[in-house]
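Biologist: I would like to go through the places where the chains of this model meet, one question at a time. Could you take me through them slowly?

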Number of protein chains: 4
Amino acid sequence: MSDYLPTPGDKFSFGLWTVGWPARDPFGAATRPPLDPVETVHRLADLGAYGVSFHDDDLVPFGSDDGERAAVVSRFRKALDETGLVVPMVTTNLFTHPVFKDGAFTANDRAVRRYALRKVMRNLDLAAELGAETYVFWGGREGSEVDSAKDIRAALDRFREGLDVLASYVIDCEYGIRFALEPKPNEPRGDILLPTVGHALAFISTLEHEEMVGLNPEVGHEQMSNLNFVHAVAQTLWHGKLFHIDLNGQHGPKFDQDLVFGHGDLISAFGLVDLLEHGGPDGGPAYDGPRHFDYKPLRTEDIDGVWQSAAANMRTYLLLKERAAAFRSDPEVQEALAASGVPDLSTPTLAEGETFSSLVADKTAYEQFDADGAASRGCGFGRLDQLAIEHLLGAR
Amino acid sequence: MSDYLPTPGDKFSFGLWTVGWPARDPFGAATRPPLDPVETVHRLADLGAYGVSFHDDDLVPFGSDDGERAAVVSRFRKALDETGLVVPMVTTNLFTHPVFKDGAFTANDRAVRRYALRKVMRNLDLAAELGAETYVFWGGREGSEVDSAKDIRAALDRFREGLDVLASYVIDCEYGIRFALEPKPNEPRGDILLPTVGHALAFISTLEHEEMVGLNPEVGHEQMSNLNFVHAVAQTLWHGKLFHIDLNGQHGPKFDQDLVFGHGDLISAFGLVDLLEHGGPDGGPAYDGPRHFDYKPLRTEDIDGVWQSAAANMRTYLLLKERAAAFRSDPEVQEALAASGVPDLSTPTLAEGETFSSLVADKTAYEQFDADGAASRGCGFGRLDQLAIEHLLGAR
Amino acid sequence: MSDYLPTPGDKFSFGLWTVGWPARDPFGAATRPPLDPVETVHRLADLGAYGVSFHDDDLVPFGSDDGERAAVVSRFRKALDETGLVVPMVTTNLFTHPVFKDGAFTANDRAVRRYALRKVMRNLDLAAELGAETYVFWGGREGSEVDSAKDIRAALDRFREGLDVLASYVIDCEYGIRFALEPKPNEPRGDILLPTVGHALAFISTLEHEEMVGLNPEVGHEQMSNLNFVHAVAQTLWHGKLFHIDLNGQHGPKFDQDLVFGHGDLISAFGLVDLLEHGGPDGGPAYDGPRHFDYKPLRTEDIDGVWQSAAANMRTYLLLKERAAAFRSDPEVQEALAASGVPDLSTPTLAEGETFSSLVADKTAYEQFDADGAASRGCGFGRLDQLAIEHLLGAR
Amino acid sequence: MSDYLPTPGDKFSFGLWTVGWPARDPFGAATRPPLDPVETVHRLADLGAYGVSFHDDDLVPFGSDDGERAAVVSRFRKALDETGLVVPMVTTNLFTHPVFKDGAFTANDRAVRRYALRKVMRNLDLAAELGAETYVFWGGREGSEVDSAKDIRAALDRFREGLDVLASYVIDCEYGIRFALEPKPNEPRGDILLPTVGHALAFISTLEHEEMVGLNPEVGHEQMSNLNFVHAVAQTLWHGKLFHIDLNGQHGPKFDQDLVFGHGDLISAFGLVDLLEHGGPDGGPAYDGPRHFDYKPLRTEDIDGVWQSAAANMRTYLLLKERAAAFRSDPEVQEALAASGVPDLSTPTLAEGETFSSLVADKTAYEQFDADGAASRGCGFGRLDQLAIEHLLGAR
């Protein structure tokens, strides 16, 4: 089992709020005491992680003055220095305090919107100070339960305005930070704005500094809408917008479970790791950023269980990575992919230099095309599916 | 009840395939005979519709030669002339024939992709001939069941290539047609590309002629992912991409039901009609295109039931339109909207001329902001919700 | 609007935990202060409710000794006496305290199971003292996230054992209380035991005192599995097990929303009220127990919004009741029901005295049956649907 | 890979309609020609299956007279004799012909109900003749789309009446056949009666001959409601009602996919095989009936793909069976199960002879119980989850 021990080179990172979740849920009180962020840094480093991320309020209690904040940050930075852990990503808590009950950037109350921008700016300074390269925006409260109570188009205007202002700030400060939006369909709001990877990608295309804004897709968030997460990440890559990723597990459309990575839809997790690790042009990684686990240890677990679950995320990822490598290098798989015409889809439909006119002129394309003959050829997709399952099961 | 009789001015349209559905389903044989398109045109006109739409194969049987096609079209056009019905939209059947079993524009088989483009081009000629202004693309077979069997990024390349080629064709032919993509998450494929309004909007932003490509959102398709359809349409409008709309009903994540409009999520249907009819800048319509019903009469119905269901779609729309007008003009609603701050969201978060620097300098925005005080104010959204329900119920 | 003012005769009841929900959710802190149960009793009475229900810990803080408890109860009883409000139902909180993190009656830890039984018994005494006739069991923590961590058959054994013991206790104490199980598919556990009305009905059939155990179905809980709630209640009535009911709203498979009744699937709410109020043998009520609202005022609301939402539940119910009465008494509806053969389903398939032998001998039943002819008759269901929608909309 | 070759001792069976599905779907024409049942028998036998099942109309075309039927059956029986394949289960097609558009046993039209009973009786004779021990009832058309169009309680009366009559017939004929109901939530009807395992179990408890009626749960059908299938089968076993099982794959709440077993939720498939194979009292099988695959080969496949997919079902099952055996025999798993208290749940909550009175008298159970202390112990469920995943991945 030593084969699957993570190292910093694997780029595994965790949020302070993941292992640190006190396990309070909508129907139950906390089952675990708070974790000291400094202890978390040391424990994550011991387990082989390379990075830690946080919301402002995870590290610096809400309402802290500058002095308190400096002290907390100094102590945290010391732990980073001691362990070598980095802070690849930082984000803002714009959802816990009741002031955000109707949203932050899109609250109907303009004063709340202004406050939210300032809260982010303050934390962007800290993110830059700690060397973060990615700043995540999860707009968990940007949404509604009542259609008539939220002017969605105005809300999108304000969302865009907020991100444009913040992007200008980062650029002006020369922070070297990129933004990553994290879509989610619902919970805590009945319906959240930018509910999927697709909606967020479309929104980004309208931003003033769209080049510095990408996505942070989360496994479970897309699966809460029963959408295919591998497709979602592939489209995100296609748009050049996979800036960060949140790995976890989910069992379909229900509350946000935040299970350990792989402990939900395992076949999809395999497809995802295969895409991330082998989807690049040369069969190498299609993504080189942090493999960030945004999960919650089960509420039933004590602190030992917490650290076991943290390790389980990384170990499962490494196992899937190995399985995916074996899948890709299996000559039978290569042959099956070719038989299914998978690589052929990269060939343009029109030949080089061809236009619609020459396509119209090509009688083999339509007038002489044997539709029934083409239809009779099997695609061989079931065989590929079974090959993938067997590699996943370690049976090849 | 005569108040709710549709007229052509209401711009109601139906697909030939809707009333003409022979009611064959995955587990059952057809329960109704085929409808003659000419009869359909007459019956729809009698009921007060203004338009009819079709897939190529709905009107002209698959495989017809040019002569057969001309005869069919001539007879159809005569019915249009006699009734005054228009053809606002046309689309292509790229899903029924087995040749499309792995997709059309994104089939792994390049010959199928070329054939698909030609099939569309042939039908674009007919669409233009009949005066259609919108051409819909529903890529029902563009997808996969097996992640490793479809290179999603290559598929998006091919999808884009196909639409770029077809847009060039339309432009070159000076057809005056715009394209409208219709998203759907699944069925008949396990997962379909561009599964939601969001994914399709993002995709459009990458097209060569993106200005001539918009969306044809369908109520039930978004609701199959349990997404908020009113939000979906609002975001589509926000992007300037509501080119067409498919109205029907659905009961959440299950097979595609295509119920009569309003016979699924009635509150959402109310919100939708309110948005379409009163979401414009002056409280007028936010959308002036066809109100197109893409539904299926229940398989249990005979032909009388078919025409009753066609009428039911229009009548329900008109009832909701009246309810929405009453809602908007109710002074109590206006007062409640103001009390909830709904109009305030249209005020930019930064004052005119303000930048992030002046926001940082504004101590009232953060340092002196009373978060707890702001949090304590109720939003009044529940009251708005109840007002909407009571107007919907005709109780105000 | 005065027509829709509730009176105690309408039998509307609320849980203390509904209006009293402090609006803490998985991602946010409380937005409202706690409510004094005594104030709640007075406000509910003012609004026209007839009953109030509670979990033990809603009224008597967890861990209170007998003296503290007696004081609290005395004060509460005084409020009941002053207002005339009754306590039709009581239940136990077996989910908030961390000791129940793995369940109560089905916790793997036997000591927890024994503690849970005692906690219920203590509260049954109070329920009896306050005159409650129904005691609800919602087993929110009885479940699992990990299949191998819970022996489901053993869990069902323990669940049954627990209910058998408690039933014996109630019988022995001559408390005049019946039990009502409340199913839910998930949340807070990943999967909860007895996830639907069906599973719970089946389970009840195995209990020692099954005659005193029925159901408390909740609108949103069945809709979280996208099941038809009207069907669920009808089957519950068919088994003679509708002992209590929880009314609220939900938008399909997502987290438990607990919206105001009718503010989710409005058509289903209409069908439900129609069943409850007009599903009895003579067209009268099929259920005469409390119409209990188990909802949560939106987290965005202040205390005024809380009481408005309480009133909205009752008013919506009364509106739907009036609409359903009009639907039932409409001659066109009666005619449509007859044309659709709805009443014919009450005629046994075999004639009186007929056996399978006589059925076999009846050549008209099979050998001479005209299947195609029977198939060609339309069912007229679409017409019924539209009639229902129009009555719901107050348009008839 | 020879380790995973199926033999008749594995009791794998297939429906004629599975491999024989011509791949017609709601949006597409058939992509494969019909299969001759005799060829199917031979091919399944070659692949290592032991049994074949069918709907009456799969084998004998609808409307065949007795002579045609006898000829077909004789030819089929010859193939069985030649191959040694058995017919463990037979069922009736009560859904394809339009006459069943509103249901069979619960059609509003009494003549249809009588016809349906006769159609079943005729096929029960054939089932008995071929030695089937189980007769499955899937009521795919027993349901509704419109609440007011179906009196659910009357429908349940008729459903019960139908099964009671048929049970009497089987008993009178001394056929040695048991009935197995197959629940499904929707598709083809909008909502189907007895939508889950739970509803069907409850219904069975009301039947005249309930001892001869059990269930045929199907993986995908429960997962269409996002319910836990392992829990469903465990509850079915607990009621003594697992008479048959349908194995396949599904990706959550969407149309009925009927994927190859394991190709949907793989972790759940592992849990299921573990339960079936190792859930018995001594760690042996909890179920000894057919492992019946009710799946559809992907519409993209040709006939070679069909047979590959049939083999894939069996091979995946055998792989999971081996993984589950390794999981159960791993000392670390045994230790983890004990540490999690999984076996403790089999210990009754009350000691032998204990009653509620002695429980009340036990101060350690409540008055002296340390709830906080008990709450602080971790459950170790995450560790079990990871152990299961690693065994599933073949990594232990």
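Modeller: Chain D and chain C bury about 9,000 Å² between them, with 62% of that area on carbon and sulfur atoms. Please keep in mind as we go that this is a predicted model.

Biologist: Which three residues of chain D lose the most area to chain C?

Modeller: We look here at the side that chain D contributes to the area of about 9,000 Å² buried with chain C. Three residues lead on that side, and together they make up 10% of what it buries. They are Arg118(D), Trp238(D) and Leu345(D).

Biologist: How many salt bridges are there between chain D and chain C?

Modeller: A salt bridge needs a side-chain nitrogen of Lys or Arg within 4 Å of a carboxyl oxygen of Asp or Glu. Counted between chain D and chain C, the number of salt bridges is eight.

Biologist: Which helix of chain D gives the most residues to the side that touches chain C?

Modeller: Across this interface, 56 residue pairs are in polar contact, both residues being at pLDDT 80 or more. Several elements of chain D give two or more residues to the side that touches chain C, among them helix 5 (110-129), helix 6 (152-173) and helix 15 (381-392). The one that gives the most, with 13 residues, is helix 6 of chain D.

Biologist: How do the residues on that side of chain D divide into nonpolar, polar and charged?

Modeller: The contact involves 102 residues of chain D and 102 residues of chain C. On the side of chain D that touches chain C, the division is 51 nonpolar, 24 polar and 27 charged.

Biologist: Turning to chain A and chain B, what area do they bury between them?

Modeller: The contact takes 102 residues from chain A and 102 residues from chain B. Of the area these two chains bury, 62% lies on carbon and sulfur atoms, and the whole comes to about 9,000 Å².

Biologist: Which residue of chain A meets Glu367(B) in a salt bridge?

Modeller: The interface of chain A and chain B holds eight salt bridges. In one of them, the side chain of Glu367(B) has a partner in chain A at 2.7 Å, N to O, and that partner is Arg118(A).

Methods. Residues numbered from 1 in each chain as written. Chains lettered and ligands numbered in written order. Predicted model: local features only at pLDDT ≥ 70, side-chain atom pairs only at ≥ 80, totals over all residues. Heavy atoms only, no water. Contact = heavy atoms within 4.5 Å. Buried area = accessible area lost by both parts, 1.4 Å probe. Polar contact = N/O pair within 3.5 Å; in protein donor to acceptor, adjacent residues only side chain to side chain. Helix = DSSP H or I, 4+ residues; strand = E, 2+ residues; numbered from the N terminus. Nonpolar A, V, L, I, M, F, W, Y, C, P; charged D, E, K, R; others polar.
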